[in-house]
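Me: I've got a structure open and want to talk it through. Can you help me read it?
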Amino acid sequence: EHLRDLVRSLEGQLREQLEEVMGQLFEVTQKYNTACEEQKHAGERQGQLAEQLKGSESERAALQAEIEALTRQLGERDGAIADVMKRNRELLDGVSRERDDARASVAGLERAVKA
């Protein structure tokens, strides 16, 4: 009789331990499934980002080419502006010389008239 009680007690303890282990196994399984799902989503997101990066790289290359073209245009315009400014300076210098020549002529005529 004592052995039967001991066996029943051990069976009860084993059942409790088994239930506890099964509960832990269930929790671990849920965590594993969640981790797998998160990993799947992370992989999908990584693929999306890789595609966006490819698009971004081609967009970046196009923008870089556009920037280079605009930079060339600005350089050309800067050169054209410098040429116009140089020409304006030459014209102003010519006008100044003509003005000075005219003043000298007027002064010469005034001296001639007084003499």
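Predicted model: local features only at pLDDT ≥ 70, side-chain atom pairs only at ≥ 80, totals over all residues.

Me: How many helices and strands does the protein chain have?
Reply: The count is 1 helix and 0 strands.

Me: What box do the C-alpha atoms fill?
Reply: Roughly 160 × 25 × 10 Å, along the principal axes. The radius of gyration of the protein chain is 48 Å, while a compact globule of 115 residues would have one near 13 Å.

Me: OK, what share of the residues is buried?
Reply: Of the 115 residues, 1% count as buried. The protein chain exposes about 10600 Å², and carbon and sulfur atoms supply 57% of that.

Me: Back to Leu10. Which residues form a nonpolar patch with Leu10?
Reply: Leu3 and Leu6. Together the three have about 300 Å² of accessible area on the surface. Leu10 counts as partly exposed because its relative accessible area is 43%, between the 20% and 50% cut-offs.

Me: New topic: charges. How many positive and negative side chains are there?
Reply: There are 18 positive and 24 negative ones. The centres of the two sets lie 13 Å apart.

Me: How many salt bridges does a search find?
Reply: The whole structure has 6. One of them joins Lys54 and Glu51, at 3.5 Å from N to O.

Me: How far apart are Lys54 and Glu51 in helix H1?
Reply: They are 3 residues apart, so about one helical turn separates them. Lys54 is exposed, at 53% relative accessibility.

Me: And which residue does Arg89 meet?
Reply: Asp93, in a salt bridge of 3.9 Å, N to O. Both lie in helix H1, 4 residues apart. Asp93 is partly exposed, at 32%.

Definitions and conventions
Residues numbered from 1 in each chain as written. Heavy atoms only, no water. Patch = residues over 30% accessible without salt bridge, like charges linked within 9 Å, V, L, I, M, F, W, Y side chains within 5 Å. Areas by Shrake-Rupley, 256 points an atom, 1.4 Å probe, with all protein chains shown as cover. Salt bridge = Lys/Arg side-chain N within 4 Å of Asp/Glu carboxyl O. Buried < 20%, exposed > 50% of the residue type's maximum accessible area, 1.4 Å probe, protein only. Helix = DSSP H or I, 4+ residues; strand = E, 2+ residues; numbered from the N terminus. Rg over C-alpha atoms; globule rule 2.2 N^0.38 Å. Lys, Arg positive; Asp, Glu negative; His and termini not counted. Charge placed at Lys NZ, Arg CZ, Asp CG, Glu CD.
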